[in-house]
Amino acid sequence: MADWCAPDHEPLVLVGGRGAHLIDSDGREYLDGNSSIWTNIHGHRHPRITAAIQAQAAELAHCSALGFTNAPAAQLGERLCGLLPDSGLSRVFYSDNGSTSIECACKMAIQYRQLVGEPQRQRFLCFERAYHGDTAGAGSLGAIPAFKGRFHGMGFDAVAIPDIDALSTVDPTEITAVCIEPLIQGAAGMRDWPSGMLTELRAWCDEHDVFLILDEVMTGFGRTGQMFACQHEGVVPDFLCLAKGLTGGYLPLAATLTSDRVFSAFLGGYDETFFYGHSYCANPIGCAAALASLDVFQEEAVLEGLPAKITRLERALAEHFGSREQTREIRQVGMIAGIEIDPIEGLAFTGAEVCLAARRHGLLTRPVRDTLVLMPPLCSTESEIEQMAAALAAGLDDCASG
Ligand SMILES: Cc1ncc(COP(=O)(O)O)c(C=O)c1O
């Protein structure tokens with residue numbers, strides 16, 4: 001805060017966007033190297049999404065979802081469930097952001113156990129270095145000290161384990177659900193899980209009747225190469241949490257998908273009600289944007305175009321970072337990449353300095369400590385992906401040469 005408020009600090013003011021580009025108040029253009037904090041899918045100012053937002057705003061900007069519904073919300077629910085046919089995920093609960101999509105999955109899991117006579121199952125399992133959001137409940141399932149340290153013990157009862165080998169140390173009869181970022185942990189520094197891990201975790205959950213909550217807030221909507229990360233291993237969760245890319249990255253909206261099994265436990269009277277809701281749940285403009293984003297996936301065959309882009313990203317990372325002494329590890333899952341570098345002597349925050357330097361080469365991104373993040377919008381061309389990697393490498397060169 002002190003840096004931001006310093007008299008000589010000039011904040012970068014972004015005023016426009018076009019595809020994978022952002023434009024600042026001085027007219028300078030940048031490539032959006034982290035998809036505007038992992039949200040943007042089809043690029044900025046996509047005419048299809050913009051038109052859908054405008055059309056919906058002209059009809060009805062917002063109405064309560066308490067006792068009412070609206071057409072875009074109903075249509076979107078159906079479309080979302082249709083993305084995972086035969087999964088049994090047939091119910092959708094809307095909220096506002098990634099944190100609340102987790103928060104309500106957790107509350108549903110806890111209340112479900114109470115409603116079906118298993119009140120002893122109130123504890124969550126999560127993973128070391130996990131990040132699931134900043135609200136008190138979602139934050140308690142995270143395990144990154146910077147986010148959690150001061151608020152330790154103030155949320156859900158959650159135990160963090162390092163990996164699935166540690167499941168053997170857990171008493172499953174106390175656990176209501178396991179929560180995980182599938183395939184790759186984001187805020188941990190883009191750390192990928194071993195392949196097959198999700199399948200094993202699902203099997204453990206099935207064996208012990210523990211719910212599996214998949215946090216696809218970052219990985220959802222094509223980011224890993226498939227629509228959802230869980231599809232790589234054919235795993236179906238009990239709760240699927242979606243946000244960020246749900247609206248193409250245009251508006252705050254989240255969805256928590258679950259099964260009829262969970263839904264039907266709440267069909268009693270007043271006492272069984274799920275008392276959870278935010279004012280802007282199921283906002284019609286957000287839902288219209290999400291519907292348009294799903295249309296773009298189909299109309300532009302977005303998923304089909306990804307393998308070539310993912311390969312281009314892999315090649316660009318290898319070319320620009322592979323043989324550098326400073327590179328500790330390059331990690332990539334689909335269009336998500338983290339380049340972990342050694343700290344540069346004399347720099348307090350190497351990752352941040354490198355990303356700041358990359359701005360001068362036309363790239364905006366943000367590190368996780370000393371892991372440089374590249375997460376191009378899915379619409380980025382192969383040439384834009386190459387430019388992003390080159391700009392980040394140029395930023396690193398600037399910092400390394402002092
Ligand atoms: C995996 C994951 N879950 C949850 C969240 C929280 O989402 P939001 O910032 O929309 O609350 C994030 C945000 O970065 C995330 O990466």
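Predicted model: local features only at pLDDT ≥ 70, side-chain atom pairs only at ≥ 80, totals over all residues.
**Helix H11**
- The buried residues of H11 are Val 302, Lys 309, Leu 313, Ala 316, Leu 317, His 320 and Phe 321.
- As background to such a pattern, an α-helix has 3.6 residues a turn, so residues three or four places apart point the same way.

- Strand E10, residues 211–215, is largely enclosed by the rest of the structure, because 5 of its 5 residues are buried.
- In a regular strand the side chains alternate between the two faces of the sheet.
- Both faces of E10 are covered, with Phe 211, Ile 213 and Asp 215 buried on one side and Leu 212 and Leu 214 buried on the other.
- Strand E7, made up of residues 175–180, pairs with E10 in the parallel sense over 4 bridges, and within this pairing Cys 179 stands opposite Ile 213.
- Strand E11, residues 239–242, also pairs with E10 in the parallel sense, here over 3 bridges, and the bridge partner of Ile 213 in E11 is Phe 239.

**The open sheet E13-E14-E16**
- An open sheet is formed by 3 strands in the order E13-E14-E16, and the pairing is antiparallel.
- Strand E13 (327–333) and strand E16 (371–374) are the edge strands, each of them pairing on one side only, and the twist averages 15° from one strand to the next.
- E13 is joined to strand E14, residues 336–341, by 6 bridges, and the two strands run antiparallel; one of the pairs sets Glu 329 against its bridge partner Glu 340 in E14.

**Surroundings of the ligand**
- There are 15 residues around the ligand, and those that come nearest are Asn 97, Gly 98, Ser 99, Gly 133 and Val 217.
- By residue class, the shell around the ligand divides into 6 nonpolar, 6 polar and 3 charged residues, where Gly is counted among the polar ones.

Note on methods
Residues numbered from 1 in each chain as written. Near = placed C-beta within 6 Å. Pairing = 2+ DSSP bridges. Axes fitted to C-alpha atoms, helices over the stretch in contact; angles between N-to-C directions. Buried ≥ 20, exposed ≤ 12 C-beta atoms within 10 Å, placed from the backbone.
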